[in-house]
Amino acid sequence: MIHYRKILELHAEGISLRGITASTGHSRQKVTEVINLAEMKGLVCPLEEVMTSQWIEEFLFPEKTLESSGRQPLKFDYIHKELAKPNVTLSLLHHEYEVECRTNHKIPYSYRSFVRHYSKYADKYKATLRIRRKPGEIMEVDWAGSTSFIIDRDTGEKIKAYVYVATLPCSQFAYAEATLSMDLHSWITAHNHAYKYFGGVTQIVVPDNLKTGVTKHTSRELVLNPTYKEMADHYGTIVMPARVRTPKDKASVEGAVGVISTWIIAALRNSHCFSLDELNKEVWVKLDEFNQRPFTRKEGCRLSAFEEEEKFALSPLPLTPYKMSEWKTAKVRPDYHISVESMFYSVPYEYINQQVEIKLSDDFVEILFNHMRVASHKRLYGRFGQLSTVRDHMPDNHKLYVDQTSEAAIEWAGAIGPSTLKVIRYILDTYQTEKQALQSIFSLKKSEHRYTKYEIERACKNVFSITKRPTVKNIQTILKTNKKDDAEQEIIRETEIGKDNHAFTRGASYYGGVEK
């Protein structure tokens with residue numbers, strides 16, 4: 001029998017390999033193998049009393065106990081490691097083991113013995129057994145049935161606090177947080193904090209069929225709350241609610257809820273907290289104690305099981321946590337605006353009378369039609385009735401009206417010509433109010449629908465030869481007159497061209513005769 005315990009104790013005392021070899025009578029190669037394997041598996045001194053040489057041998061070389069049967073030994077570490085990978089099962093690993101046995105002309109264990117030996121190994125030497133749950137696969141979430149409380153400083157009244165619980169079934173590692181409500185905002189916020197606490201994201205989230213997260217769940221249809229679904233998309237996970245009236249679908253969190261109700265909620269029954277922050281500080285102290293409590297039937301605790309067996313399998317967190325958003329619906333009003341909490345936001349006028357979806361966040365309002373975003377606004381706060389209007393959302397005639405400013409009028413006139421600019425400046429300087437001047441200029445701008453820029457500029461130039469106090473009405477009259485004169489001149493010109501272009505007459509020589 002190899003003196004495993006003595007080798008490790010002498011190594012811990014700093015004895016050299018030569019000294020250990022001389023003391024135990026084992027080869028230097030064997031001593032080195034035992035020390036390296038013990039360090040790799042985390043077996044360090046001081047050793048407990050139950051860790052005899054036989055116990056250490058079974059721990060370091062579990063396959064040795066199977067060699068005497070004459071069958072191909074099982075590679076337990078390899079099996080345990082492979083089971084952590086997605087879609088890998090014991091059935092697949094047993095099939096690969098049988099193929100290897102046939103190649104090496106060895107006798108394989110049956111599937112039942114294969115599973116039994118692995119289960120025995122994992123129960124004894126590993127924090128988790130991977131037959132039922134994959135590490136990093138599922139996070140189960142729920143509200144605890146029991147409640148805690150905080151005390152109102154002014155009245156002394158006890159205010160109910162609800163406890164959110166999230167559990168990783170593989171390692172049984174848990175997170176808990178107290179909130180004052182079980183509404184959607186509290187539900188999403190608690191998820192954000194749970195992911196931060198775990199330091200990663202699982203592939204699947206299994207909630208109960210709470211109305212805050214699940215709108216409809218039948219055998220044929222699953223409809224999630226839009227905000228909850230958006231949160232899942234942000235973290236790259238999938239929401240798969242437990243089946244209705246099927247508690248086994250969420251057994252881990254149900255068990256954790258019961259234990260947390262005892263070790264956290266009941267343990268804080270005599271605590272007096274005056275704010276939610278104070279209560280959560282107490283909750284998290286008890287949570288750390290809960291996760292570090294040793295397992296009853298195996299080595300380690302929930303924290304060590306998580307760090308050794310599950311943390312590596314979690315997907316990384318996104319760069320920023322999910323920001324809460326709320327979804328609503330509204331009908332676009334005839335003025336191409338929607339009303340959201342007594343504030344008004346514009347939508348392209350083509351969507352008047354259409355039903356649209358609204359995504360509300362702390363900073364922005366996004367408007368969607370048939371799941372396509374059609375408008376986005378910075379969210380308004382403060383006085384009710386404020387408007388956020390985008391110019392591009394307006395019909396053309398509304399744009400013309402809104403664009404009426406003295407700066408815009410001067411810019412328009414400068415683009416037409418110097419005479420037009422002179423007229424506009426005169427109107428802005430001589431009218432009693434700017435509003436009257438702009439209304440008059442607006443009438444002139446509408447002339448662009450019937451006249452070219454050249455015609456407008458010519459009319460403005462002509463008006464100064466008639467009067468020193470031009471008006472828009474004078475210019476419009478000149479435009480009509482010029483248009484009429486131009487039309488008459490065009491008719492005269494076409495008539496004269498017709499007279500000049502008479503028919504060509506052939507001479508007598510063309511027909512074989514002689515011209516006289």
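## Close-up views of a predicted model

The structure holds zero disulfides, a disulfide being a pair of cysteine sulfur atoms within 2.5 Å. This is a predicted model, in which local features need pLDDT of at least 70 and side-chain atom pairs count only at pLDDT 80 or more, while totals for chains, interfaces and linings use all residues. Residues are numbered from 1 along each chain as its sequence is written, and side-chain values use heavy atoms, with hydrogens and water left out.

**View 1. Confidence along the protein chain.** The mean pLDDT of the protein chain is 81, and 84% of its residues reach 70 or more, where pLDDT is the predictor's confidence in each residue, from 0 to 100.

**View 2. The largest nonpolar core, around Tyr 164.** Of the 44 residues in the largest nonpolar core, the ones that touch the most other members are Met 139, Tyr 164 and Phe 198; such a core is a set of buried Ala, Val, Leu, Ile, Met, Phe, Trp, Tyr and Cys residues joined through side-chain atoms within 4.5 Å. Elements that each supply at least two residues of this core include strand 1 (138-151), strand 2 (158-168) and helix 10 (226-235), and the largest share, seven residues, comes from helix 9. Leaving aside its neighbours within four places in sequence, Tyr 164 is in contact (heavy atoms within 4.5 Å) with residues including Met 139, Trp 143, Tyr 175, Trp 187 and His 191.

View 3. Strand 11 (residues 355-361) and strand 12 run antiparallel and are joined by four bridges, two strands being paired if DSSP finds at least two bridges between them. These two strands form a hairpin with two residues between them, and Lys 359 stands opposite Glu 366 in strand 12. Strand 12 also runs antiparallel to strand 13, to which six bridges join it, and Ile 367 stands opposite Ala 375 in strand 13.

View 4. Asn 370, in the loop between strand 12 (364-369) and strand 13 (372-378), has a positive phi near 55° although it is a residue other than glycine, and Asn 370 is exposed, with a relative accessible area of 59%. Ser 342, in the loop between strand 9 (337-340) and strand 10 (343-346), is likewise not a glycine and has a positive phi of about 65°; Ser 342 is partly exposed, at 35% relative accessible area.

**View 5. The salt bridge of Glu 278 and Arg 153.** The side chains of Glu 278 and Arg 153 meet in a salt bridge (3.3 Å, N to O), defined as a side-chain nitrogen of Lys or Arg within 4 Å of a carboxyl oxygen of Asp or Glu. Glu 278 lies in helix 12 and Arg 153 in the loop between strand 1 and strand 2, so the pair ties together parts that are 125 residues apart in sequence. Glu 278 is partly exposed, with a relative accessible area of 31%, whereas Arg 153 is exposed, at 60%.

Key:
Buried means under 20% relative accessible area, exposed over 50%, partly exposed in between (1.4 Å probe, protein chains only).
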